Amino acid sequence: MSKYSKIIVFFICLWPIYSISYSIFDNSLGAEPVKKITHHFGEWTLIFICLTLSMSPLKKITNSNIWIKYRRMLGLFVFFYATIHMFTYIGLDYWFDWKPIINDVIKKKYIFVGFLAWLLLIPLAATSSQKMIKLLKKNWKRVHRLIYIIAIFGILHYIWLSKTIFFGPLIYLIIIIILLLFRIKFNKSSTKV
Amino acid sequence: MKKVKSSEITPERIYKNRRKFVQNLGLAAGSMFIGQNFINLAQASSNSIEQEITEYRYITTYNNYYEFGTKKSDPVENSQNFKTKPWNITIDGEVEKPLKLSVDELKNMFPIEERIYKLRCVEGWSMVIPWLGFPLYKLLDKVSPTSKGKFVKFISVLDPEQMPGQRYPILDWPYKEGLRIDEAMHPLTILVTGLYGKELPNQNGSPLRLIVPWKYGFKSAKAIVNIKLVDKMPTSSWMKASPNEYGFYSNVNPRVDHPRWSQASERVIGGGIISPRIPTTMFNGYGDEVSHLYKNMDLKKYF
């Protein structure tokens, strides 16, 4: 049963691929198709960050362990969509013209934090297997706390690239703040116990 | 120091020639011309260059008009019931003969011309738009600015009932913009009443907006109700929102980046999924006409 549910969740998580493919073939990407594709995957990366961060609060709220089963998959989807997002920018937007890209990474803070967030995702993806959990023991948890920093970098990336915080970036900022506040609360209550 | 590629020069030549070409055409001829959806440019040399006019559907569905919302699709969705009649405009301040008149009166005051301009948004994209309107200097001549009229301030309408974006502190409402008097008097600076041979759609700033083609798009205020001649440099809504990012001049300049993103290149709207970026040109390609306005000015400082 649990095996099937994981497969179902996996195919649901591919929704952003289906929807953008449909828009491409339907020719309904609008005035700025490249930007639309880049932003599509950027936004879905943020959504998957939020979903990943929701799993342990949901565990506490519902008193059920079922959520944790999906956390690894959701986390890997963060890396998957972040990677597509970055390559859309590098390949489709800048046609692998490295000079302006490198210039952006160095000089533009929104690109810088976005790139940094992607770099930080690499160790998380690389140590996501059961084997690595056993191998790293206590350190595994420490490494995977990087997701909090990644979430902050991700939302900063969105705020800094937008002309105004109203309303898209603001909504994600609030959601991420709430999800991170859960951590502070949990950690406090767990130390009391 | 830097080698200039031919691709970087051509756009300037294109727009200059195109403008001359377009200026020679009357309105009727201009509309027919749009029917072809692109412009043929007879170059002095043998080759002719085609510069495509952006499709009407993109010009009218992809807008920055925060009064109606911050998404690009918000203006077209939220402005359809916006009332632009009756609409009065006041031209006052440091002038000898202040004016208060309706848009219809204003439209009948001057012959309507067609101007095909490139519009470069500060966000890094551009369109080519066939506007209808008249040069601002003609209106300013009517009101006779005094010697104290050194700047022109444009104030857009304040109507939160009809403009949902104005219910939030996105910008300092009503929208305010400004030009130096010589910029305002420049023959390329126009007041716009239509596009594509038709009335100006609400989402594009109906019934009256400004267009200053060598500046970033946000300088061109929409739904204007008041044009005020003033003696001190006005503070625009964007300058107030973020003074280190949006300056008073805001001339298109590939060498002066927005603090948060590059201005060296731009995406052409309507180019499709595999269209490459194109290099942004100084003064959006109108350098021959306007660079003298900024002689001896440090454009990095006065961005």
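Helices and strands here are DSSP runs, numbered from the N terminus. The model is predicted.

Start with chain B. It has 9 helices and 14 strands. Of its 303 residues, 42% are buried. Among contacts in chain B with a separation of 6 or more, 67% link residues 24 or more positions apart.

One joins Lys85(B) and Pro86(B), with omega about -5 degrees. Pro86(B) sits in the loop that runs between helix 4 (74-78) and strand 3 (88-93) of chain B. Another joins Trp173(B) and Pro174(B), with omega about -10 degrees. Here the loop lies between strand 7 (151-156) and strand 8 (176-180) of chain B, and Pro174(B) is in it.

Positive phi values come next. Ser250(B) is not a glycine, yet its phi is near 50 degrees. The residue belongs to the loop between helix 8 (237-241) and strand 13 (265-268) of chain B. Ser250(B) is buried, because 23 other C-beta atoms lie within 10 Å and the cut-off is 20 or more. Phe283(B), also not a glycine, has a positive phi of about 50 degrees. Its loop connects strand 14 (278-279) with helix 9 (287-290) of chain B. Phe283(B) has 23 C-beta neighbours inside 10 Å, so it counts as buried.

Now the packing. The largest nonpolar core has 58 residues. Ile129(B), Trp131(B) and Ile224(B) have the most contacts inside it. Strand 6 (residues 125-135) of chain B supplies the largest share of this core, 6 residues. Ile224(B) touches several residues beyond four places away in sequence, among them Ile89(B), Phe154(B), Leu208(B) and Leu210(B). A second, separate core has 27 residues, including Leu46(A), Phe77(A), Leu124(A) and Ile150(A).

Turn to chain A and its helix pair. The axes of helix 6 and helix 9 of chain A come within 8 Å and cross at roughly 155 degrees. Angles over 145 degrees count as roughly antiparallel, so these two helices of chain A are roughly antiparallel to each other. The crossing is left-handed. Residues of helix 6 of chain A in this contact include Val113(A), Leu120(A) and Leu124(A); those of helix 9 of chain A include Ile150(A), Phe153(A) and Trp160(A). By class, the contact has 16 nonpolar, 3 polar and 1 charged residues.

Last, the interface. Here 21 residues of chain A are in contact with 19 residues of chain B. On the chain A side, helix 3 (33-62), helix 5 (98-107), helix 6 (109-126) and helix 9 (146-161) each give two or more residues. That side has 12 nonpolar, 3 polar and 6 charged residues.

Notes
Residues numbered from 1 in each chain as written. Chains lettered and ligands numbered in written order. Predicted model: local features only at pLDDT ≥ 70, side-chain atom pairs only at ≥ 80, totals over all residues. Core = buried A, V, L, I, M, F, W, Y, C linked by C-beta atoms within 7 Å. Buried ≥ 20, exposed ≤ 12 C-beta atoms within 10 Å, placed from the backbone. Helix = DSSP H or I, 4+ residues; strand = E, 2+ residues; numbered from the N terminus. Contact = placed C-beta atoms within 7 Å. Nonpolar A, V, L, I, M, F, W, Y, C, P; charged D, E, K, R; others polar. Axes fitted to C-alpha atoms, helices over the stretch in contact; angles between N-to-C directions. Parallel < 35°, antiparallel > 145°, perpendicular 65-115°, else oblique. Left-handed = near helix turned anticlockwise from the far one by under 90°.
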